[in-house]
Amino acid sequence: MNDIFQHLWPEYDPGRFFCELTTPRPDAGPVPQWLAERLQGIGLEALRARACAAETDLIDLGVTFTVYSDATAIDRILPFDCIPRVLTAPEWDLLERACIQRVKALNLFLGDIYGKGHVVKDGIIPADLVYGNANYRPEMKDFPVPHGTYVHVCGIDIIRDEKGDFRVLEDNARTPSGVSYVIENRHLMLRTFPDLMAGIKLKPVDDYGRRLRAAMAEVAPGGHADPQVVLLSPGIYNAAYFEHVFLAREMGVPLVVGADLLVDNERVFMRTTSGLKPVHTIYRRLNDDFLDPEVFRPDSMLGVPGLIGAWKAGNVAIANAVGTGVADDKAVYAYMPRIIEYYLAETPLIQNVETHICREAEGLNYTLDNLDKLVTKPVGESGGYGITIGPRASKAELEAVRATILANPENWISQPMIGLSVGPTLAEEGIGPRHLDLRPFIVTGKESWVLPGGLSRVAMKRGSLIVNSSQGGGSKDTWVLAEPFGQGGKA
Amino acid sequence: MNQMRDPGLLARDAEGLFWMARYLERVENMARLIDVTQSFESPGFETEAWFGLIRINADEKNFLERGFSADATHVKRFYLLDRGNTNSIPACLEDARTNARTLRPLMSTEMWKQLNVFHRFVTRITPEDLEGDALSRLCTRIKEGVQAHTGITQGTLYRDQGWHFYELGRYIERADQTTRMLDIKYTALLPRGAEEKRVAELTQWNAILRGAAGYHAFKRYARAQFSAEDVVQFLLRDPSSPRSALLCVRRIESHLDDLRRHHGLSAVAEAMERAEVLRELLVEKPLGHILATGLHEYLDVVQIHLQALAGAIGRAFFRDWRPEAAPAVQLQVQTQVSA
């Protein structure tokens, strides 16, 4: 930390972790210093008051996820931290290229495993990991999708280690959520903290809805000048319902639930006041399992009977495609660097976190020998469930994990404990360091486009490494500097 | 405007708009009824006055089944605090908000925000708010909550098909509530002495007119020595009073006509016929005859016609498409975990 920060925030100590504000980065120009000075100028009291008002604003506006109790719906907000996370122009350039590279590889991989399966035949990845995967959908076999795009919307979880290097932690290729917060957080910052942002040029985040709609139109079955796009939501009882509303509004398309759609003669229609209206692209926020009770879960009330049939007949596009879950599986993740090299003949622009695969003897032994040093994760879960952080676990907890892994090793991976970077965060003790990650969102129709920045999720508890909203994480506005500040000087 | 395309309206959203408006209108009118009932209270007869409210809402069975007994405090709690009573203000507002939740893609942010804040206010009503002079203030706040909603809607909701369905719901509910307001008189007790009776009746009619926001307008237009007939005429047939049944039905006809003409919804035919029958029912019979043969019975018939009209709209645009789903919002207990 340099002298300016030590002077402004004498108590602030990121320790051995990379700090997204105070660790010197020449290409950040004067922005971190400005931010710290401006925050100091506002003062802690006023900062807390404004942050509190901002949170009330979010509740009133309904930028919320909803928890249901017996009598009423309780709206909860994703805790918002008002101190932004800053990405420099060169950092963003790298992140953007790395995300596009990764999505390209994911799509080629999916096209291959649902086609000829070269990647398996060539021994890049074990067959049972692909074909035996719970998320592999045989229905997709030999069914080509427009532009080879399976993963239309992808969220890639990226962290920064102690050295300041970015690493990919996880791919989310099914129905990743959180993008609405990226845009709402920016609006909130503009309303509540215009003085923090004054004079700092940022890449805008408003274009997401237009880009998403354009991508949905690009993948629609041919012959429609203005295809009917809809957003398929599980409905108001889904925790991410606000995001569905947000995206439908930003795209300017109807938000439908399963009961609004019907399939007739392998074509999809929505029920309107003037009768049945054809639907061409469905941006679905419903898991594969629920999409079509005739093909998947027969008890699904949320889906549309016959939908998969209509899709296979080429009459409707579904985004993301069915069966993408095999690509973002935590076990397949371990093979991603090899998958990227295999299809693109490129090295990954951002590396994975080192991963030990417990289905392989070597990985299992290493994991069991080093349980107290490793983070162990079940491969099928999302949302931070089932994770054990070795160095923070008790002996008894570690023994329990050992037993669970041994009972079902192919269900587990382990990774070294990464010292996630921190950002200054408004906390009970004042401005303190909190761990965070980044989830950029990539939209792909014909081509890929990355929303500048992404969702910075922050663990609001001191020392905690778990940033998931379901585990008490919050979020920050993510600033991508539009100006490429040179080495030590102004742009 | 040939650059703009008609995005159409989901049947489910049309139904949601219709019911959101109905529930909110019901909330406002319930607050009006409670406020009026309070002025019907006369020393020694509090219970009768308040139980009248139960009767005009046909809630006798529900009231007793939910463990309440016939006294003033219980009736107030039944309508202002009891979420388990589907006709209570908190329950109606909850239903309105649930519908609004499904409609958020169509609603303005301002509409949602106001409804959300209003909902929070109503969930925080306490038994103390129902006591003494606090009750009237509470009713005023509730009325104003709905009025703010109506104003924001008027000023921000896009006037496509959805607006017409919203207005249909509002006017059907309002016409229904006006007939109930009139019906209070039917259940009210009167003193025996002739002069006392005349004064008491006058007080009651004035209260009803105030409840229906028509007191001053009525005074300007009515004869100095007005009769019961004049008040009934005003509330049922006045062409200009915003809460008269006739004005509501005319608005309904106009919205149905707009849907047919400007949005090509020819399925309004049955509803239009029913609205016409209802309009005739309202204007045809001499009032003297109605009062002589029984106002209460007549109001019942009007209410039944309003239900039939709502049914015709529902069959044409909502339920026809999803015969299995009666309520606007299905309880979807299925959930899924998303990444």
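Mentor: Chain A has an open sheet of 3 strands, ordered β8-β9-β10 with antiparallel pairing. This is a predicted model: local features need pLDDT of at least 70, side-chain atom pairs count only at pLDDT 80 or more, and totals for chains, interfaces and linings use all residues. Residues are numbered from 1 along each chain as its sequence is written, with chains lettered from A and ligands numbered from 1 in the order in which they are written.

Trainee: What makes β8 and β10 of chain A edge strands?

Mentor: Each pairs on one side only. β10 covers residues 275-278. Strands are DSSP runs (E, at least two residues), and helices are runs of H or I, at least four residues, numbered from the N terminus. From one strand to the next, the twist averages 45°. Axes here are lines fitted to C-alpha atoms, for helices over the stretch in contact, and angles run from 0 to 180 degrees between N-to-C directions.

Trainee: How do you know that β8(A) and β9(A) pair?

Mentor: Two strands pair if DSSP finds at least two bridges between them. β8(A) and β9(A) have 4 bridges, in the antiparallel sense, so they meet the rule. L261(A) has M270(A) in β9(A) as its bridge partner. The hairpin of β8(A) and β9(A) has 2 residues between the strands, and N265(A) takes a positive phi near 55° there.

Trainee: Which residues of β8 of chain A lie on the covered face, and which on the uncovered one?

Mentor: L261(A) and V263(A) form the covered face; L262(A) and D264(A) form the uncovered one.

Trainee: Why does the radius of gyration of chain A agree with a compact globule?

Mentor: The rule is 2.2 Å times the number of residues to the power 0.38, and the radius is taken over C-alpha atoms. For 491 residues a compact globule would be near 23 Å; chain A has 23 Å, so the two agree. Chain A holds 16 helices and 22 strands.

Trainee: What makes a residue of chain A part of the contact with chain B?

Mentor: The C-beta atoms, placed from the backbone, of two residues in contact lie within 7 Å. On that basis 39 residues of chain A are in contact with 34 residues of chain B. α3 (44-61), α10 (241-251), β7 (255-256) and β9 (267-272) of chain A each supply at least two residues of that side of chain A.

Trainee: Where are the domains of chain B?

Mentor: Domain 1 is 9-157 and domain 2 is 159-324. The bounds come from an automatic or database domain assignment. Their centres, over C-alpha atoms, are 19 Å apart. The contact takes 28 residues from domain 1 of chain B and 27 residues from domain 2 of chain B. α1(B) gives the largest share of the domain 1 side, 19 residues.

Trainee: Why is A58(B) called exposed, and A213(B) partly exposed?

Mentor: Count other C-beta atoms within 10 Å of the residue's own, placed from the backbone: 20 or more is buried, 12 or fewer exposed, in between partly exposed. A58(B) has 12, so it counts as exposed. A213(B) has 13, so it is partly exposed.

Trainee: What makes the phi of A58(B) stand out?

Mentor: Most residues other than glycine have a negative phi, and most peptide bonds are trans. A58(B) is not a glycine, yet its phi is positive, about 55°. A213(B), also not a glycine, has a positive phi of about 55°. A213(B) lies in the loop between α9 (194-211) and α10 (215-221) of chain B.

Trainee: Which residues does the cis peptide bond join?

Mentor: A319(A) and N320(A), with omega about -10°. N320(A) is in the loop between β12 (317-319) and α13 (330-333) of chain A.
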